[in-house]
Amino acid sequence: MTTTQATATELKALAEQAGRELEDASPLEILKWAADTFGKRFCVTSSMEDAVVAHLASRAMPGVDVVFLDTGYHFPETIGTRDAVDAVMDVNVITLTPRQTVAEQDAAYGPKLHDRDPDLCCALRKVKPLEQGLTAYTAWATGLRRDESPTRANTPVVGWDEKRQKVKISPIARWTQDDVDAYVAEHGVLTNPLLMDGYASVGCAPCTRQVLEGEDARAGRWAGRAKTECGLHG
């Protein structure tokens, strides 16, 4: 079976089997499996909070596509991190943008939709653009980690994205923040400067704040709301 001709049922079975077999594998081994299995139909998605998974993937598959969502609401530091990754790493950065600019969305839905209906804002500026951007791929990799929040505690290293009908790979799912920090230090990996300024998780500027001591890494996202995920992974 070639993955380009595989049915969704076959790909789901492949993903679930790989999730079991690669549970104890290193992130690099998981990404080498992805590169060997899917080739050019595999990509990495990055929020440019750091470039750890992009760096790992570039070692497994030089020139790998790294997909970035430019929502129009990013911190300047995030755009700068994307540009630096594109300039210095052996990856192909692809920037996705929503159908509407922020100004066009404001005209259609009213200003500051992120304050009034953050789920809709995320759907328009993140979820829909990513779904369109992933159409060329069979598998995609994320930087999800189990230690980030309770909603991510059961993240498989390889799983099936039912909503998008794609193989979803989370090569650092088993890593802790200490593991990430050690990899960054060892390899000199680019990170978003905001991580040094009290931000533990970096998203769109209007919906991200610095975290307080003792809070989990996702506490600074949509603070004061029950919302904990943007919809890309939920």
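Val102, Gln105 and Tyr109 in α5 meet Leu120, Cys121, Leu124 and Arg125 in α7, where contact means heavy atoms within 4.5 Å. Helices here are DSSP runs of H or I with at least four residues, strands runs of E with at least two, numbered from the N terminus. By class, this contact has five nonpolar, one polar and one charged residues; Ala, Val, Leu, Ile, Met, Phe, Trp, Tyr, Cys and Pro count as nonpolar, Asp, Glu, Lys and Arg as charged, the others, Gly among them, as polar.

This is a predicted model: local features need pLDDT of at least 70, side-chain atom pairs count only at pLDDT 80 or more, and totals for chains, interfaces and linings use all residues. Residues are numbered from 1 along each chain as its sequence is written, and side-chain values use heavy atoms, with hydrogens and water left out.

Is Gln100 buried or exposed? Gln100 is buried, at a relative accessible area of 15%; buried is under 20%, exposed over 50%, partly exposed in between, with a 1.4 Å probe and protein chains only. Leaving aside residues up to four places away in sequence, Gln100 touches Gln105, Ala108, Tyr109 and Arg125.

Now the sheet. Six strands form an open sheet with mixed pairing, in the order β3-β2-β1-β4-β6-β5; two strands pair if DSSP finds at least two bridges between them. The edge strands, β3 (91–96) and β5 (158–161), each pair on one side only. Strands β1 (residues 42–45) and β4 (residues 139–141) run parallel, joined by three bridges. Cys43 has Trp140 in β4 as its bridge partner.
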